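Dear colleague,

Please find below the sequence and structure that I am handing over to you. My findings follow directly after it.

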Amino acid sequence: MIVGGVAAGMTAASRARRQDPDAQVVVFERGEWISYGACGLPYVLGGAVKDFDALVARTPAQMRARGVGIRLGHEVTGIDATAATVTVHERASGRTLTEPYDRLLLATGVAALRPDWAQSDLSGVHLLREIPDGQAIEATLKGARRACVVGAGYIGIEMAEALRARGLSVVLMEKAPEVAGRMLDPDYQRLVRAELERRGVDVRCNTDVVRLTGRDGRVTGVQTEHGLVRADVVIVAVGVRPRTELAGGAGVRLGKSGAVAVNARQETSVPGIFSAGDNTECIHRVTRRKVHIPLALSANRMGRIAGVNMAGGDARFPGVVGTGIFKVFELGAARTGLTQTDADSLGLDAVSVDVKSTDHAGYYRGAQPIHVRLTGERGSGRLLGAQLVGCGDSVKRVDVVAALLHRRASVLDLFEADLAYAPPFSGVWDVLLVAADRLS
Ligand code: FAD
C-alpha cells in the first residue's frame with residue numbers, strides 16, 4: 001500500500017510490480033492527479049510548456065493497465081501499525097474506510113509553508129505545489145497586471161521569470177539579504193539577482209511582509225515594513241515542510257531535520273512501514289549527516305528503492321551530494337556538494353577558487369561568460385563542492401563534480417579527468433579543469 005501518488009509513490013508502485021509481478025499494489029492519493037512533474041509547473045505558467053496535462057508521465061488508466069490499483073480522492077487519515085491497517089477518507093462518498101496492508105509506503109511529500117500574513121481568504125493569493133495550485137494561478141492571471149512573488153528560492157525565481165514572460169510587472173520579495181538563499185554563496189547569489197534585475201524583475205531583499213491588503217475579497221497589495229507594493233496576484237514561495245502527520249501518528253521516528261528517518265532500505269523505525277521522497281531525510285555523502293533536501297531525482301530514487309524492498313528485494317539508497325540547478329532567464333545556476341558558506345558553518349577547513357571564463361572556446365561564435373567556484377578541503381585535498389552561474393546549459397557541467405563527490409574524489413582527481421573538448425563546447429582546458437588546477 002502506497003500513500004501519495006506522485007514521484008516517490010508512483011516509482012515505488014511500478015518497481016514493486018516489476019520486482020514481484022504477483023504483488024498487489026494499491027496507491028491512495030488524496031488529489032485527482034498522479035505521476036506528474038511538479039517541476040514543470042512554472043514552465044506551464046510561463047508558456048514554455050503547452051498545458052498541465054503535458055506534465056503527466058502516466059495516467060491512472062496506464063497505471064491500472066500495469067496492474068497498480070489507483071484510488072484518487074482518497075486521503076489516508078490514520079495508521080494503526082499494530083493492526084496493520086489504515087483509515088481512509090473517501091472524498092466522493094464522505095465514507096471512512098479501514099484498509100489492511102502488508103507493507104506500507106509513506107510518500108506524502110512536503111507542504112508549502114503558509115505564513116500567518118498569508119492566512120487570508122483574499123483571492124489572488126497562491127502557493128505553488130501541485131497541479132491544482134498551478135490551475136488556480138492560471139485562472140488568476142487573466143486580467144492581472146502586477147505580481148508580487150514572496151520568497152526568492154528557486155521556485156520564487158522560476159515564478160518571477162514565468163510571470164514576466166506573461167507580461168506582468170513583477171516584484172520579487174525576499175526576507176534574507178540576497179536571492180537563492182541556501183543554494184549559493186553570496187557573490188553567486190548576486191549574479192542571479194543581477195540577471196533578474198536585467199530582465200525587469202524588481203528585486204527587494206531584506207524585506208519582510210507585514211500583511212496583505214485587499215478590496216472586495218481580492219488581493220490588492222503586499223504591505224511591507226518599507227511600504228506598500230500593489231499586486232493583483234501574490235505567489236507565496238517561502239519554503240516547505242515535510243508532511244509527517246501520518247508518520248508521527250503511527251509512532252514513526254522523525255529525524256533532526258524534521259523529516260521521516262529511514263535506513264538505507266527506506267525502512268522507518270516501525271516494522272512494515274517505509275518512507276520515500278520529499279517527506280523523508282537521507283544521508284549526505286560529503287558531510288555524512290542526515291539531511292532533508294526535497295528534490296525530484298532523490299524522491300524518484302528513494303521510491304524505487306522502497307518499491308524493490310517492499311516487494312521482497314534488497315536495494316539501498318546511496319545518499320545525495322546536494323546537487324541542484326535552476327534557470328533564471330538566460331542564465332543557469334547550479335551547485336553540488338558544499339558551498340564555502342556551508343563548509344564554514346560545518347567548521348571544515350575549506351578554501352574556494354573562482355574562475356570566470358567562457359562556456360566554450362572564446363574564438364567560436366556565441367561564447368558567453370561562465371563563473372565557477374570550486375571548493376576543497378585544505379590539507380586533505382578533498383573535493384567539497386562547486387557552484388556555477390552561466391548561460392543556459394553550460395552550468396550542467398556541475399554533474400561532473402557531483403559524480404566525483406559520490407566517490408569522495410580529490411581536487412586532483414577532477415584536474416586529471418579526461419573531459420570532452422571541441423571549440424563549440426568548451427575551452428581545451430574546461431573551466432572546471434582550470435578551477436581544479438588553481439585549487440590543487
Ligand atoms: P509530492 O510530489 O509532494 O507528492 C506527494 C503526494 O502525496 C501528493 O500528491 C499529495 O496529495 C499526496 N498525499 C499527501 N498526504 C496524503 C494522504 N494523507 N493521503 C493520500 N495522499 C496524500 N525538484 C527538482 O529536483 N528540480 C526542479 O526543478 C524542481 N522544480 C520544482 C518546481 C515546483 C514549482 C515544485 C512545487 C517542485 C519542484 N521540485 C523540483 C520538487 C519536486 O517536484 C519534488 O521533489 C517531487 O515532486 C517530490 O515527489 P514526492 O512523491 O516525494 O512528493
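The chain contains twelve helices and 25 strands; helices (H or I, at least four residues) and strands (E, at least two) are DSSP runs, numbered from the N terminus. Its radius of gyration, taken over C-alpha atoms, is 23 Å, close to the 22 Å that the globule rule gives for 440 residues, so the chain is as compact as a globular protein of that length. That rule is 2.2 Å times the number of residues to the power 0.38. The C-alpha trace spans about 65 × 60 × 40 Å along its principal axes.

Please note that this is a predicted model, in which local features need pLDDT of at least 70 and side-chain atom pairs count only at pLDDT 80 or more, while totals for chains, interfaces and linings use all residues. Residues are numbered from 1 along each chain as its sequence is written. The average pLDDT (the predictor's confidence in each residue, from 0 to 100) is 97 for the chain, and 100% of the residues score at least 70. The model scores ipTM 0.99 and pTM 0.97.

Of the 440 residues, 44% count as buried. A residue is buried if 20 or more other C-beta atoms lie within 10 Å of its own, exposed if 12 or fewer, and partly exposed in between, with C-beta atoms placed from the backbone. Two residues are in contact if those C-beta atoms lie within 7 Å. Among contacts between residues at least 6 apart in sequence, 64% join residues at least 24 apart.

Beyond its neighbours within four places in sequence, Leu105 is in contact with residues including Ile2, Ala12, Phe274 and Ala306.

The entry lists residues 1-300 as "domain: FAD/NAD(P)-binding", a stretch that is 24% helix and 28% strand.

Helix H8 (residues 296-310) reaches 21 Å from its first C-alpha to its last, close to the 21 Å expected at 1.5 Å a residue, where the expected span is 1.5 Å times one less than the number of residues. Twelve of its 15 residues are buried, so H8 is largely enclosed by the rest of the structure. Those buried residues pack against helix H1 (7-19), strand S7 (104-106), strand S18 (273-275) and strand S19 (282-283). After H8 comes Gly312, whose phi is positive, near 100 degrees.

Phe326 lies in strand S21 (residues 324-328) and counts as buried because it has 21 C-beta neighbours inside 10 Å. Phe326 and Tyr154 are 172 residues apart in sequence, yet 6.4 Å apart in space, C-alpha to C-alpha.

Finally, helix H12 (residues 431-439) has buried residues that include Val431, Leu432 and Leu439. Among the elements covering them are strand S23 (350-358) and helix H10 (398-406).

With kind regards

Conventions
UniProt positions renumbered as here; feature names shortened; annotations may be inferred.
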